[in-house]
Amino acid sequence: MTTCKIDYQAPGDLLRERILLVTGAGDGIGRAAALTYARHGATVILLGRTIAKLEKVYDEIEAAGGPQPAIFPLNFEGATLKDYHDMAETLDKEFGRLDGILHNAGLLGRIMPFDQYNPELWEQVMQVNLNGPIWMTQALLPLLRASEDASVIFTSSGVGRKGRAYWGAYSVSKFATEGFVEVLADELEHLGSIRVNSLNPGATRTQMRRTAYPGEDPDTLRTPEQIMPTYLWLMGPESRGHNGERFDAQPPRS
């Protein structure tokens with residue numbers, strides 16, 4: 001079952017005193033989510049691979065009067081299990097808990113016939129889109145359990161719900177993400193206050209979308225800022241009781 005909360009009107013203090021981690025926070029949807037979460041009161045941990053981009057988002061949050069954010073540089077392509085556990089130890093010392101994670105970082109790979117797909121690129125896409133977020137989540141579960149109301153959002157895709165020719169590793173990584181969400185959500189169903197859901201942002205004006213659809217007019221697409229209502233609803237307390245579900249950030253395109 002997929003649900004859309006595009007018309008959700010979030011109160012200004014929806015995320016007050018919440019500590020949230022956003023991956024891929026340097027640009028696109030991750031940047032918009034980080035700024036939006038901070039504007040609604042959250043302390044946001046900005047995770048990404050390009051420090052200069054994270055610093056710019058950091059400055060934007062501070063200039064807007066949001067709670068002081070934190071920067072955590074990490075590149076999923078080269079990250080190890082030790083990196084994730086070191087990260088958990090650092091965040092535990094600094095914050096003591098996590099109230100939410102938005103797994104937004106992603107790698108498109110190449111749109112091409114499977115018989116031409118490079119195995120090394122396939123592994124790289126799987127590492128960034130699937131393995132990295134999974135093992136990072138495992139390392140951070142103790143911090144999520146320390147929260148009274150924790151929400152974990154995994155980014156999905158339309159091609160992660162119905163396969164499409166030439167989408168290769170990206171499509172398969174999103175199918176696997178959907179499956180992992182169901183597995184983890186079922187395990188956590190009656191074990192505390194953590195909910196885990198998937199969210200398909202839909203056709204959005206981002207660099208990844210431009211790469212995938214170079215002939216598309218970007219002005220026909222919603223901006224990352226315009227799809228934030230569902231991101232807010234899922235991260236806020238009103239989504240309690242929703243676990244292991246599939247959500248869409250915008251209605252299907254006609």
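A polar contact of 3.2 Å joins the side chains of Gln250 and Arg222. (A polar contact is a pair of N or O atoms within 3.5 Å; within protein, one must be able to donate a hydrogen and the other to accept it, and residues adjacent in sequence count only if both atoms are side-chain atoms.) The model is predicted, so local features need pLDDT of at least 70 and side-chain atom pairs pLDDT 80 or more, while totals for chains, interfaces and linings use all residues. Residues are numbered from 1 along each chain as its sequence is written, and side-chain values use heavy atoms, with hydrogens and water left out.

## Exercise 1

Find where Gln250 sits, and decide whether Gln250 is buried or exposed.

Solution. 

1. Gln250 belongs to the segment after β8 (246-248). (Helices, H or I with at least four residues, and strands, E with at least two, are DSSP runs numbered from the N terminus.)
2. Its relative accessible area is 7%, so Gln250 is buried. (Buried means under 20% relative accessible area, exposed over 50%, partly exposed in between, with a 1.4 Å probe and protein chains only.)
3. Besides the contact with Arg222, a polar atom of the Gln250 side chain lies 2.8 Å from the backbone oxygen of Pro201.

## Exercise 2

Which side chain does Ser156 join in a polar contact?

Solution. 

1. Look for Ser156 in the loop between β6 and α5.
2. Ser156 has a relative accessible area of 1% and is therefore buried.
3. The side chains of Ser156 and Glu178 are joined by a polar contact of 2.5 Å.

## Exercise 3

Describe the backbone angle phi at Glu17 and at Tyr166.

Solution. 

1. Most residues other than glycine have a negative phi.
2. Glu17 is not a glycine, yet its phi is positive, at about 70°.
3. Glu17 has its place in the loop between β1 (2-4) and β2 (19-23). With a relative accessibility of 57%, Glu17 counts as exposed.
4. Tyr166, also not a glycine, has a positive phi of about 80°. Its loop runs between β6 (150-155) and α5 (168-188).

## Exercise 4

How many aromatic pairs does the structure contain? Describe the pair of Phe114 and Trp122, and the pair of Trp167 and Tyr213.

Solution. 

1. The count comes to seven aromatic pairs. (Rings of Phe, Tyr and Trp, taking its six-membered ring, pair if their centres lie within 6.5 Å; planes under 30 degrees apart count as stacked, over 60 as edge-to-face and the rest as tilted.)
2. Phe114 and Trp122 form an edge-to-face pair, 5.7 Å centre to centre with 75° between the planes. Phe114 is exposed, with a relative accessible area of 60%.
3. For Trp167 and Tyr213, the ring centres are 5.9 Å apart and the planes are at 45°, so the pair is tilted.
4. Trp167 is in the loop between β6 and α5, and Tyr213 in the loop between α6 (207-212) and α7 (228-235), so the pair ties together parts that are 46 residues apart in sequence.
5. Trp167 counts as buried, at 10% relative accessibility. Tyr213 counts as partly exposed, at 26%.
6. One aromatic cluster is formed by Phe114, Tyr117 and Trp122.

## Exercise 5

Which ring lies under Lys5, and which under Arg209?

Solution. 

1. Lys5 lies over the face of Trp233, 4.6 Å from the ring centre. (A charge sits over a ring if NZ of Lys or CZ of Arg is within 6 Å of the ring centre and within 35 degrees of the ring normal.)
2. Arg209 lies over the face of Tyr213, 3.9 Å from the ring centre.

## Exercise 6

What lines the largest cavity, and what lines the second largest pocket?

Solution. 

1. On a 1 Å grid over the protein atoms alone, a cavity is a set of points where a 1.4 Å probe fits but cannot get out; a pocket is an open set with protein on both sides within 12 Å along at least five of seven lines; lining residues have an atom within 4 Å of a point. Grid points are joined across faces, edges and corners, and a volume is the space filled by probe spheres set on the points.
2. The whole structure has one cavity of 30 Å³ or more. The largest cavity holds about 60 Å³ of space.
3. Its lining includes Thr23, His103, Phe154 and Lys174. The elements giving two or more residues to this lining are α4 (119-145), β6 and α5.
4. By class, the cavity lining has three nonpolar, six polar and one charged residues. (Ala, Val, Leu, Ile, Met, Phe, Trp, Tyr, Cys and Pro count as nonpolar, Asp, Glu, Lys and Arg as charged, and the others, Gly among them, as polar.)
5. The second largest pocket has a volume of about 150 Å³. Among the residues that line it are Glu148, Asp149, Arg195 and His242.
6. The lining of the second largest pocket divides into two nonpolar, five polar and five charged residues.
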